[in-house]
Amino acid sequence: MGEPIVGTQPISSALEGQAAGPVVDALLPSPLVEARAVHKSYWLGPKEIHVLRGAAFSLRAGEMASLVGPSGVGKSTFLHVMGTLDPPTGGAVLFEGRDATAMDESELAQFRNRTIGFVFQSHYLLPEFTALENAAMPALILRKPREEALAMAREVLQLVGLGHRIEHKPGELSGGEQQRVALARALVLRPRLLLADEPTGNLDEETGEGIHQLLVELNQKLGIAAIVVTHNARLAERMPRRLRLHEGLVIDAA
Amino acid sequence: MKSRFSFGAVIAALAVSALSFGAQLGLRHVLGEKTLLSPDAVVAISFGAEAAGFLLAGFVASFFGGGLRSREQLLAALLLVGVGFGLLYVVKPPSFSYDRFYADKTEMILWALLASASAFLLGLWGASAGLLIGAGKSPDFAFAYEVGVARTHLRLNLRAGLMLAWIGLALPGALFGAGILTDWRAGARDLTLWHKAGAVLGIAAFVLLIAYWIRARILQARLLPGQAKRRPATLVLTFISIAGVVVGVWALTIVLSVMSGFEGDLKQKIIGTNAHGMLLKFTDDFSEWKSVLPTVRAVPDVVGATPFILNEVIIANSKGNPSGAELKGIDSASVGSVSDLPKQVIAGDLAWIDTPQNIPVATAVAPNASASQQLQGEDYQEYLDSTFARRRDHPEEGSAAKVDPATLTKMPGICVGKEMSHGLRIWVGDVINVITPMGEMGPTGPLPRSRAFRVACILYSGMYEYDSKFAYISIPEAQSFFRMKDNIVGLEMKFRDVDQARGMGRKVVAALKGFPYRSKDWADLNRNLFSALKLEKLAMAIILTFIVLVACFTILATLIMLVLEKTKEISILKSMGARDASIMKIFVLEGVTIGAIGTLIGCLMGLASCSFVARFGLRLDPDVYYISYLPVTVDLGQFALVAVISICLAYLATLYPAITASRLSPVDGLREE
């Protein structure tokens with residue numbers, strides 16, 4: 001428990017599909033996360049819906065990217081697959097060269113716990129716990145002692161600008177505050193990658209702007225790589241890297 | 001990520017379960033042949049070991065197989081039929097039907113099938129423990145945050161906990177209090193301050209609970225529409241599940257306590273009349289009994305010993321109505337050291353069998369003052385009316401009226417049971433004829449011999465059989481009546497501990513240098529009765545366990561509802577890195593908590609009800625039950641067993657929902673509606 005995941009496993013899985021990932025130059029540091037010809041399809045009754053069709057993409061450590069695309073194009077699905085919540089139907093997702101699709105249940109759980117932080121459109125905070133306890137949850141899942149976990153949560157809540165309302169339950173917080181707690185929860189264990197699925201989708205423009213600003217600041221301050229799905233073109237423009245999901249493929253818009 | 005079929009798991013499960021099956025057969029063989037354990041104990045130990053082995057087999061398969069591995073366990077169980085049959089073929093176990101000594105092939109197949117079915121079910125149970133600690137490479141025994149999450153699902157905060165404690169104490173408290181109050185009003189002296197304080201507190205808690213409930217209803221009625229707080233359906237279901245378990249556990253504990261009460265009452269009555277054990281001889285000649293008596297009394301832990309003679313006779317009243325009876329010769333001075341006979345006298349005096357001249361001639365003897373305590377109920381009045389009152393008001397009807405008083409005082413005395421006195425319409429002072437068929441030899445065989453006795457006392461033991469069949473006379477009288485010279489049949493003995501009767505009997509025989517002496521204990525003499533009672537109790541326990549089982553189905557339903565309600569939460573916890581085992585732990589904890597709360601309240605209700613029944617006294621029809629009040633015996637071991645069974649069942653009920661929850665994919669709850 002706790003050692004960084006450093007993969008050296010060679011990937012022999014077929015690089016099928018038309019858009020193979022860029023050939024990794026041995027001299028460059030390997031990307032933090034890499035999607036190789038990822039396919040994902042769902043079955044709706046007898047009908048197969050092919051959402052991702054060989055999407056290829058990679059992100060370096062500390063890099064921040066926005067992901068845009070019309071509704072229903074599969075942005076959330078792409079994020080879920082990148083976050084190992086949903087296994088791809090084809091292709092591979094690699095973290096520092098290690099194939100996530102080959103991990104078993106307990107390895108995956110540990111991997112999500114240590115390496116990835118999620119923020120969703122809804123905050124999904126546990127309603128019966130205080131903001132502090134909610135933010136401490138990943139540390140508690142890691143089996144940190146309660147006091148230590150709460151101290152970590154307090155620190156990260158300070159970081160997202162919520163130092164004063166930590167003993168309130170989610171129902172007593174405003175929408176922006178709730179999303180800040182959710183962000184604190186995602187960041188409490190200092191993950192390597194933050195996946196945000198329309199984090200400002202449920203917020204008014206001003207509050208959303210604040211959350212966005214915070215995301216960019218945290219990326220610069222903590223060096224956490226991030227993919228932010230958004231509908232807001234203006235916010236997407238401000239990201240150093242802009243991605244678009246089109247017909248099941250990820251396209252660099254820059 | 002579907003796990004592949006693991007033949008390793010099959011082999012592991014098969015190996016461990018075959019070993020346990022073999023261990024069961026072996027243990028039963030070895031313990032049955034080589035030890036003095038009772039057959040029940042041998043069966044319990046060997047099958048217990050087998051069950052533990054099956055649990056272990058499931059655990060091993062799941063732990064090293066990294067999952068529930070139900071397919072693998074099913075295959076292992078099916079293979080076990082073959083292995084088990086082979087084992088049985090080698091061991092050749094005794095048949096379970098008595099007419100054949102060894103089991104035949106059909107029986108062996110049945111045995112093997114039974115073993116494999118239980119191996120599969122117990123294996124799955126064992127496997128659930130493996131899943132719970134995260135079967136696989138990194139076992140995880142901690143469950144800190146899982147407790148926190150489970151607590152919020154059940155809304156078990158401080159307020160809810162206090163409310164539950166209040167309800168859980170108020171209901172049994174009211175029952176307990178009601179029982180104490182009846183005794184208090186009746187002026188019972190065994191009540192301590194604690195009893196009284198408990199009763200007052202219990203009733204106060206109950207009254208306050210009702211008041212609180214009414215207040216809550218009133219407040220709710222005053223609310224405007226839409227103002228009322230809505231409780232989630234799962235919370236209501238949780239309460240219903242707890243109530244279900246409470247009712248099941250309550251019923252089970254009460255019925256078992258009443259059955260124990262009947263058993264204890266019967267045992268007490270049998271021992272009260274019959275002593276703990278008997279010292280007999282293999283020959284008819286026990287004329288040296290006067291020298292044996294001090295030796296027997298000197299054996300440590302022998303509390304008393306008294307001689308007795310037992311023979312079957314016919315007893316007839318003056319009108320000639322005959323009744324079969326066991327005529328027992330006793331020593332009225334020492335019989336009290338062995339049985340409760342002197343305490344069973346309801347009219348007359350036991351000592352009058354030795355001094356029959358003291359039996360009053362002219363007046364009808366009134367019943368003893370304590371008789372109304374011993375003989376409770378309306379039945380008592382009817383009995384007195386038909387015997388004592390009639391004799392008092394119409395002395396001329398008595399059989400003694402026609403006999404010359406000088407002859408009367410010379411007649412020997414006899415004590416009879418209440419039912420016999422009722423049936424023959426005789427009272428203290430009446431004359432009855434005792435007839436033994438084995439009299440003098442006449443030309444056509446033995447001629448019956450009869451002798452007139454006067455009733456010296458009437459006894460009430462509470463056992464119909466004893467009260468209708470037993471009559472007591474003095475030892476010298478019996479010796480002369482049966483022409484036994486100075487012989488007796490045996491000695492009755494009382495020991496310090498009833499349950500050691502068998503061993504004590506052997507000790508006494510050993511003190512007399514063994515043969516030709518032998519001993520019998522009360523359990524030997526009443527084996528059929530007590531084994532029937534035990535079987536009845538077991539059957540009742542199994543039937544009533546089904547109530548708890550049904551209650552556990554409501555736990556299952558509640559948990560399924562909770563899992564559906566909390567799908568989002570499960571997903572979010574998984575996205576934060578919660579393992580499948582952790583999700584399973586959350587729901588298992590919830591179900592077991594519901595079960596434990598229900599069990600605790602149910603046990604308290606059971607205890608309070610037993611106390612209420614014991615103090616208030618539920619009337620029974622003595623003609624039917626031969627017991628005037630419902631007996632209860634609280635056996636804490638029995639309560640603990642009920643609690644363990646109920647919590648185990650609650651655990652079983654959690655497995656399906658918990659495993660379903662743990663297998664949910666994280667994205668199931670994350671799709672935006």
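The C-alpha trace of chain B spans about 110 × 75 × 40 Å along its principal axes.

Quick caveat: this is a predicted model, so local features need pLDDT of at least 70 and side-chain atom pairs count only at pLDDT 80 or more, while totals for chains, interfaces and linings use all residues. Residues are numbered from 1 along each chain as its sequence is written, and chains are lettered from A and ligands numbered from 1 in the order in which they are written.

Staying with chain B, we have 22 helices and twelve strands. Those are DSSP runs, H or I with at least four residues for helices, E with at least two for strands, numbered from the N terminus. Of its 673 residues, 42% count as buried, meaning 20 or more other C-beta atoms within 10 Å of a residue's own, with C-beta atoms placed from the backbone.

Okay, the interface. Chain A puts in 23 residues and chain B 22 residues; contact here means C-beta atoms, placed from the backbone, within 7 Å. On the chain A side, α2 (105-115) and α3 (131-141) each supply at least two residues, and α2(A) gives the most, with six.

Now the sheet in chain A. Which order do the six strands take? It's β6-β7-β8-β3-β9-β10, an open sheet with mixed pairing, where pairing needs at least two DSSP bridges between two strands. β6 (116-119) and β10 (249-252) of chain A each have a single partner strand, so one side of each is left without a neighbour in the sheet. β6(A) runs parallel to β7 (residues 193-197) of chain A over four bridges, and G117(A) sits opposite L194(A) in β7(A).

Last bit, the cores. A nonpolar core is a set of buried Ala, Val, Leu, Ile, Met, Phe, Trp, Tyr and Cys residues joined through C-beta atoms within 7 Å. The largest has 179 residues, and A153(A) and A184(A) touch the most other members. Its largest share, 19 residues, comes from helix α20 (residues 580-616) of chain B. Leaving aside residues up to four places away in sequence, A184(A) touches A135(A), A153(A), V156(A), L157(A), V160(A) and L162(A). There's also a second, separate core of 71 residues, which includes I353(B), A400(B), M463(B) and M504(B).

Key: Buried ≥ 20, exposed ≤ 12 C-beta atoms within 10 Å, placed from the backbone. Contact = placed C-beta atoms within 7 Å.
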